[in-house]
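Open the structure in your viewer and keep the selection tool at hand. Each stop below says what to select and what to look for there.

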Amino acid sequence: MSADSRRFVVIGGGLAGLASAVWLAEAGKNVTLLERRGSLGGRTHAVRADAVDDVADNGQHVIASGYHHLYRYLESVGTREHIKFPKSSVLRWPDGRKVTLRTTGPGAIRTLMGVHPDASWAERFQATRATLLLGWQALNQPADLADLTTAQWFERVGMPAKAREALWDWLALGIAAEPVDRESAKVFANVMATGIRLGIRHRIPVTIGYPTVDLDTLYIKGALKVFAERGVEVRYRSVARRIVIIDGKVTGVVLADGTVVPADAVVCAVPNSNIAGLLDDLPEHAEIYAAADKLGYTPIVSTNLYLDRPLGTETEFEALIGGTGVIDEVFDRQRMHGRSTDKAWLYCLTTSGAYDQIQKTNDEIVAEQLDLLRRYYPQARDAEIVQAQVVRMPKATFSQVVGTDSLRPPQKTSVPSLVLAGDWTATDWSATMESAVQSAAKAVDLLLGRAR
């Protein structure tokens, strides 16, 4: 059988699956994509707000300048131009204090050295010393780092409380979606090390940007165009139950209705929460299932608030310090997307590590988030809600607490024609879009026999 006549099946239409299918199609392969739902995107997609005739997202994304695999995907689907990097962001305290963070150029370095408005010069010096020590230990990791929480690591290097409040605690929580007293220090250190290496390689500090379009436009619509042009078959409502392996080779994928999709190679690109049963024919399936189960899940709650007036934000996204005890960020979609305010102003709030919030009702969450805005923005005190959307993701990412770093399985399996993909597999990043797409790049290279 010639290489071009082989049947490649991708299981899962999230970002890892989309990238795998796009790049296999670019290589001229015969690709079938199986998606269990009626639409693509997995945990990243747009949501319709009918009352205001608008398109929001199921969770606001931010994108680091070091996400090179993600940029490769966006170039493949024709949407790379829709990423923008602002020059600054704002930190706010409920008593009216605020600080502007520089996110590009030399100002980004100064941001890391301590930006709390009440920090003394001694505390800023201490923060600078602790930051340099963090960087050194990220690149030269102590043997016991995997046994520490990020909070314990910060204490060990002497990071001042004000520097943690103004930057480091919420930065770490944003990276791993876990409170710093639960998050694995090694996870945060690995991401720091990756960022430092990329910054040195490209001679610019890693900075944070955002999409200027909705997530369907950014990730999905372009992929569908590629699929149409290159003959990729997308099968919706196709629930994969088991990957068939005979004599060490993949032969097909059994669906929930009993039908078998013929396959000569498979990319299994499902979240760790959906992996059970699919790999039963793989010799090492028990170890992979155990790792997927031990990795667990972290909840994230996103709230889209359409208000009848502007809040008075100064930058595209702002961080609220001392809010609910977890990371609170406000995204101004007018500034980010240039959206019309004829019907309402849209503000998106994301709560990572939302273990308490996800247990509440939608009304309770909306009331809590509106009250949060009123504490920080005087203009919000008389604001009325035109429409509100609450998006609960109880299994938003795999959990990145102490003891989980070594659990992430590689993309390569003992069967050469079966590879794994997904943000929970072993990559240079935490649970991010870049991790998902990097895993896809590794998986596709394995199937195509390419070494990177």
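What follows is a tour of a predicted model, one selection at a time.

**Stop 1**

Select strand 11 (240-246), strand 12 (residues 249-255) and strand 13 (260-262). They make up an open sheet in the order 11-12-13, and the pairing is antiparallel. Which strands form the edges? Strand 11 and strand 13 do, since each of them pairs on one side only. On average, neighbouring strands in this sheet are turned by 30° against each other, direction ignored.

Two of the bridge partners can be picked out by residue. Arginine 242 has valine 254 in strand 12 as its partner, and valine 244 has glycine 252. Follow the chain from strand 11 to strand 12 and you pass through a hairpin with two residues between the strands. Aspartate 247 sits in this turn and has a positive phi of about 55°.

**Stop 2**

Select serine 238, in the loop that links strand 10 (233-235) to strand 11. Is serine 238 buried or exposed? Its relative accessible area is 9%, and because anything under 20% counts as buried, serine 238 is buried. Show its contacts next: leaving out residues up to four places away in sequence, serine 238 touches Leu34, Glu35, Arg36 and Leu255. Serine 238 and glycine 38 are 200 residues apart in sequence, but their C-alpha atoms are 8.9 Å apart in space.

**Stop 3: two crossing helices**

Select helix 2 (residues 68-77) and helix 12 (residues 433-448). Their axes come within 7 Å and cross at roughly 75°, which makes helix 2 roughly perpendicular to helix 12. Show the side chains where they meet. Helix 2 contributes His68, His69, Leu70, Arg72 and Tyr73, while helix 12 contributes Met433, Glu434, Val437, Gln438 and Ala441. What classes of residue make up this contact? Five are nonpolar, three are polar and two are charged.

**Stop 4: aromatic rings in helices 5 and 7**

The structure holds eight aromatic pairs, and two of them are on this tour. For one, select tryptophan 153 and phenylalanine 188. The ring centres of tryptophan 153 and phenylalanine 188 are 6.2 Å apart and the ring planes lie at 75°, so this pair is edge-to-face. Tryptophan 153 belongs to helix 5 (residues 150-157) and phenylalanine 188 to helix 7 (residues 185-202), so the pair ties together parts that are 35 residues apart in sequence. Both tryptophan 153 and phenylalanine 188 are buried.

**Stop 5**

Select strand 17 with its neighbours. Strand 16 and strand 17 run antiparallel and are joined by three bridges; alanine 319 stands opposite glutamate 329. Strand 17 also pairs with strand 18 (residues 345-352), again in the antiparallel sense, over five bridges. Here aspartate 332 stands opposite tyrosine 347.

In a regular strand, side chains alternate between the two faces of the sheet. Colour strand 17 by face: Asp328, Val330 and Asp332 are on one side, with Glu329 and Phe331 on the other. Both faces are covered, and five of the five residues of strand 17 are buried.

**Stop 6: threonine 397**

Finish at threonine 397, which lies in strand 19 (residues 385-397). At 9% relative accessibility, threonine 397 counts as buried. What does threonine 397 touch? Not counting residues up to four places away in sequence, its contacts are Arg43, Ala177, Gly296, Tyr297, Thr298, Ile300 and Ala431.

Conventions
Residues are numbered from 1 along each chain as its sequence is written. This is a predicted model: local features need pLDDT of at least 70, side-chain atom pairs count only at pLDDT 80 or more; totals for chains, interfaces and linings use all residues. Side-chain values use heavy atoms; hydrogens and water are left out. Two strands pair if DSSP finds at least two bridges between them. Helices (H or I, at least four residues) and strands (E, at least two) are DSSP runs, numbered from the N terminus. Axes are lines fitted to C-alpha atoms, for helices over the stretch in contact, and angles run from 0 to 180 degrees between N-to-C directions. Angles under 35 degrees count as roughly parallel, over 145 as roughly antiparallel, 65 to 115 as roughly perpendicular and the rest as oblique. Contact means heavy atoms within 4.5 Å. Ala, Val, Leu, Ile, Met, Phe, Trp, Tyr, Cys and Pro count as nonpolar, Asp, Glu, Lys and Arg as charged, and the others, Gly among them, as polar. Rings of Phe, Tyr and Trp (its six-membered ring) pair if their centres lie within 6.5 Å; planes under 30 degrees apart count as stacked, over 60 as edge-to-face and the rest as tilted. Buried means under 20% relative accessible area, exposed over 50%, partly exposed in between (1.4 Å probe, protein chains only).
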